[in-house]
Every structure is written in structure tokens, then in C-alpha cells.
Amino acid sequence: MSLVVVQRWCLPWLVAVLLVQLHGGGGGAAAAAGKKKVPAIIVFGDSSVDTGNNNFIPTVARSNFWPYGRDYADGLSTGRFSNGRLATDFISESFGLPPSIPAYLDTNCSIDQLASGVSFASASTGLDNATAGILSVITMSEQLGYFEEYTRRLRAAKGAAAAAEIIGEALYIWSIGTNDFIENYYNLPSRRMEYTVGEYEAYLAALAEAAIRRVHALGGRKMDFTGLTPMGCLPAERLGNRADPGECNEQYNAVARTFNARLRALVARLNGELPGLRLVFADTYDLLAAVVAKPADYGFENAVQGCCGTGLFEAGYFCSLSTSMLCGDANKYVFFDAIHPTEKMYKLLADTVINTTLHVFMSD
């Protein structure tokens, strides 16, 4: 399929058509019409949930080129940092919604198409605006600004009552925080000079709280804040582990666990303070740690290297320069590049989060 065709379509709707053609079914896109318990999935975060917003801003933090998307519908490089779909795409499909969530900045998508799901996420961003500044990506403040603009567009297109229904019943998902530590705090000196790691965790948790409160003030009620994975076990962090080269950086993993504990406490507190809020914490740490420890138990062969290049440091444009070393079957790998999971791992994460946490929003 040519780029000309890709540019004329809102990608999630093109994907829905392609899935029907490939599998004889439409997944969430072909779900029965009628009022849904969750009418939309609305996403904030980083590259774990960026479905292509960075394609439309001047940054090097992009993945809208081969080999990214090689196993996506018709091999499209959409700007997702993986070989296929992300966890939030699978979550959307599980809720009977389109099988692929569009990027808000994709001007090919109409507000009617964005009404069933949208991602405001930006690869390489963080809760800390300074993290976003490293590679000039979209800050969390800007993502929330786009969301407020989205609510206005919904009201203009759907009317006040229908827009309020979508905003109030939508599921809001946050997946963010890893870059604040591995790109910012441990990589650059300024925040380490200003904060101890514990103080920085508290600072980030306060920013997370502010984001949740702002969405709540705009009408959001059903929310999920996803915890950090064992970031010290990312292939790139193994390579950079000076204390124990090639092994997981246990200092980073310990920080992920303590930050997750702060998020759990925040979730419990806000549920008691904000009227009508149903906020859950999605634990992804334990699953990825278990997969990395015993990949064969989950159908993987390699949890140490990514599929792209050497699998040790390549991500983004470096992957496009290493295609001669691309693995043959990404399903054997936990990671597609040195930082981001494969579609198979994202599907496993989505299934686990749905079964352990998000199922509560399917039955209300």
C-alpha cells in the first residue's frame, strides 16, 4: 500500500477494514451497535501508547518508518514504537471499540472518528515537562491542553449531552514515567542536583495527581494509571549497566517499585477525595519481570535483546539503519527494539491488565 493511500485515511479506520479482509472479522470495529459501557478509550503518555502524534511535530523521536509496523495491518509504519499494535489498541478492541486508536494530531481523522478513542501520547515525554524538552516532544501539560480542545470539538460536533456522555463514560489511560528516570533523572545532571531520587518520585507523583485532577474537572470519571515496568531490564539499560554489564539494572527496578507504591497510594487517596472518580492502578511490573525471568514459559525465546539490529541499543532511527540485522520472527522476542516491547508482548500486557484491573469497567 502506498504512502498516498495512508495519508488519505484515518489509520484506525483503515486498519479496521484491513482486519476484516485478513481475518474475516472486525474485532472491536465490528461490534454490535448500541450503547457501550465505555464509549471511548482516551490515552495520555509516552512511546508505550503514542500511536503517531510525533509524526506531526519536529522531533527525532519517531518511528513512522520501516521496520516499525512491519507486522501491523498491511505493514504500515504508523508511528507506533513496535512491530504492530500497542496494548491500548488491544484494550480498545476488547471493549468493542475500534482495534486501533488514532493519534489526535492526525488531521486525516475526523472528530467523529476520534469520538470512540484517541491518543494524545508522545514518545519520549514524561510527567516532568523537562523530560519532554530533551527531544522536543509533547509535554503532559500540552496533552491535557489538547484534551480540553478535544472536549470542545466533541460538543460542537455531537451536542452538549452526547459529548458529556462520551467524556463521562470514557476510559482514560495513562502510561508514563519511565522516561523521567531513564532519559532525564539518571541521564542528565540537572534534576539529580535538585532532587534526591525519592524527592523526584514525589515530584512526579504530584504531577500525576494534577493531571488526574484536571481530567476529572473536565468530566472524566473512569481512569487507569499504569505503573512502571522493570525498566532496568530493558535491553538498552542492561547494556548501560556499569555495575553488572548485561544484567538488569536493579537500582532502576527498585525505583520503579517504589514509584509504583506511590502511585498506588495516590490512587487510593484520590478515589476518596474526587466525587464519582473510579481510578485504578494497573500493575505491569510483575508480568514483565516474570517474562524476563522465564521467557519460555510465555512463548518467547529472547528477553535480553530486541528484534531490531543488535537488539542492545537501537531504537527509533537507529533501527532503520540496522534492517539487515532484523530478526525473522518478532514473536520470539519480548522486545522489538532496545526499549519497546513487541506486539506479542503488548498483547500479553493488555490481556493481563484487562483480566486483573480493567474488567471492572466492562460490567458497570
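Helix α10 (residues 197–217) lies across β1 (41–45), β3, β4 and β5, where contact means heavy atoms within 4.5 Å. Helix α10 runs at about 160° to β4; axes are lines fitted to C-alpha atoms, for helices over the stretch in contact, and angles run from 0 to 180 degrees between N-to-C directions. Helices (H or I, at least four residues) and strands (E, at least two) are DSSP runs, numbered from the N terminus. The model is predicted: local features need pLDDT of at least 70, side-chain atom pairs count only at pLDDT 80 or more, and totals for chains, interfaces and linings use all residues. Residues are numbered from 1 along each chain as its sequence is written, and side-chain values use heavy atoms, with hydrogens and water left out.

The strands belong to an open sheet of 5 strands with parallel pairing, in the order β2-β1-β3-β4-β5; two strands pair if DSSP finds at least two bridges between them. At the edges, β2 (117–119) and β5 (278–282) each pair on one side only.

Strand β3 (residues 171–175) pairs in the parallel sense with β4 (residues 222–226) over 5 bridges, with Y172 opposite M223 and I173 opposite D224. Strands β1 and β3 also pair in the parallel sense over 5 bridges, and F44 stands opposite W174. Because 5 of the 5 residues of β3 are buried, this strand is largely enclosed by the rest of the structure; buried means under 20% relative accessible area, exposed over 50%, and partly exposed in between (1.4 Å probe, protein chains only). L171, I173 and S175 lie on one side of β3, and Y172 and W174 on the other.
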